[in-house]
Amino acid sequence: RTRRLSGFQPTGRLHLGNLLGALRPLIAAQGAAESIALIADLHAMTVEHHPAAVRAFALEQATVMLAAGVDPQRTPIVLQSQVREHTELHYLLECVATHGEAARMIQFKEKSAAGGQVRLSLLTYPVLMAADILLYDAAQVPVGEDQNQHLELARTLAVRFNTKYGATFTVPEGVRPDSAARIMDLADPSAKMGKSNGSGAGRIGLLDPPEVIRRTIARAATDTVGVVRRDRERQPGVTNLIGILTEITGREPSDRTSYAALKREVNDAVQDLLAPIRARHAELSANPDLVRGVLAAGAEKVRPIAAATVGRARAAIGLLD
Ligand code: ATP
Ligand code: MG
């Protein structure tokens, strides 16, 4: 079975975009691929962060993953900081990456453009991400377009290391599972729904109360065209609502539906999808030790793979064992 790595940053609460774009495809592929669900807490510290928040979001994300149907027997849920090899490999890869390569990354340019105190770890973020992937010999990495450039760097570093120092890493491929939807912000459908962007007005949190969800959908931006159809250019809001409905129910709305009726259909579908996740989350959060145990078991399970990779890399690059 192909090994796959899916990463989530504990920068906030998981939302509908994370579920439809990443978690559901991961759960659906649990039989076919050998996935690792990585909660990348080290990445959450590349920008100003609150220590208590990173810890709390990490535990909550693990809980939501379980509630949504990630089976930790088949898909280890791994907290990045609990497998020390991530940081060790990060350093070894820094020794084959150049400053220019890191500084060219669009995400770095965007996030550092705001000025202020830019953390050095923000610059080296893609090198740590390369380490995350190469550490587990992941052959496939499901990525959205926003991560294409980072994945390309991971491939470059793997090939360069292998060429200079001998075959050490599996060169990963990016995959876009065909079921993975890109969900846009309901209030501003020109931006993707995200944990850390926007005001929150257009984001549907997986644990939001039903009434909050209903209101977020009722207030979703539409347009004055008045026809329910997909047109990303002229009707981004309506197109996004159709996308969400289709993704969840597999059903296309009729073009004679009114916007109000479309929103009701979307609300029904989202409520049905999230109610059982919310309920299981409530049960599981009564037992945080269970979730911590899942993380400990996940780290335990993948550590031998990580140790083997770092062992190969250390020897190849010239370190005494
Ligand atoms: P942040 O704003 O901190 O970057 P995020 O919401 O983009 O948070 P990530 O932790 O970066 O979430 O990504 C976790 C996974 O969810 C990735 O596989 C990513 O491609 C996917 N994902 C994130 N946002 C969306 C979205 N709006 N639609 C579909 N998939 C998404
Ligand atoms: Mg993101």
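Setting aside neighbours within four places in sequence, valine 294 is in contact with Ala62, Leu66, Pro72 and Ile77 (contact means that the C-beta atoms, placed from the backbone, lie within 7 Å). Keep in mind that this is a predicted model, where local features need pLDDT of at least 70 and side-chain atom pairs count only at pLDDT 80 or more, while totals for chains, interfaces and linings use all residues. Residues are numbered from 1 along each chain as its sequence is written, and chains are lettered from A and ligands numbered from 1 in the order in which they are written.

**More on valine 294**

- You'll find valine 294 in helix H11 (helices are DSSP runs of H or I with at least four residues, strands are runs of E with at least two, and both are numbered from the N terminus).
- Valine 294 counts as buried because it has 22 C-beta neighbours inside 10 Å (buried takes 20 or more other C-beta atoms within 10 Å, exposed 12 or fewer, and partly exposed is in between).

**Helix H3 and its two partners**

- Two packed helices are described by the angle between their axes and the distance between those axes.
- H3 (residues 85-94) packs on H11 (residues 288-317) at an angle of about 25 degrees, with the axes 10 Å apart (axes are lines fitted to C-alpha atoms, for helices over the stretch in contact, and angles run from 0 to 180 degrees between N-to-C directions).
- That angle makes H3 roughly parallel to H11 (under 35 degrees is roughly parallel, over 145 roughly antiparallel, 65 to 115 roughly perpendicular, and the rest oblique).
- On the H3 side, Glu85, Glu88, Leu89 and Leu92 make this contact, and on the H11 side it's Ala306, Ala307, Thr309, Val310, Ala313 and Ile317.
- Sorted by class, the H3 and H11 contact has seven nonpolar, one polar and two charged residues (Ala, Val, Leu, Ile, Met, Phe, Trp, Tyr, Cys and Pro count as nonpolar, Asp, Glu, Lys and Arg as charged, and the others, Gly among them, as polar).
- H3 also meets H6: their axes come within 8 Å and cross at roughly 120 degrees.
- Residues of H3 in that contact include Leu89 and Leu93, and those of H6 include Val127 and Leu128.
- The H3 and H6 contact has eight nonpolar, three polar and three charged residues.

**Helices H9 and H10**

- The axes of H9 (residues 236-249) and H10 come within 9 Å and cross at roughly 40 degrees.
- That makes H9 oblique to H10.
- Among the residues that meet here are Leu241 and Ile244 in H9, and Leu262 and Val266 in H10.
- By class, this H9 and H10 contact splits into eleven nonpolar, one polar and two charged residues.

**The buried side of H8**

- In helix H8 (residues 210-218), the buried residues are Ile213, Thr216 and Ile217.
- Looking down the axis of H8, you'd see them fall within an arc of 95 degrees, so they line one face of the helix (the arc is that of the directions from the helix axis to the C-beta atoms).
- Helix H10 (259-285) is part of what covers these buried residues of H8.

- Aspartate 137 sits in the loop between H6 (120-135) and strand S4 (140-142).
- Its phi is near 50 degrees, a positive value in a residue other than glycine.
- Aspartate 137 is partly exposed, with 15 other C-beta atoms within 10 Å.

Terms used:
Contact = placed C-beta atoms within 7 Å.
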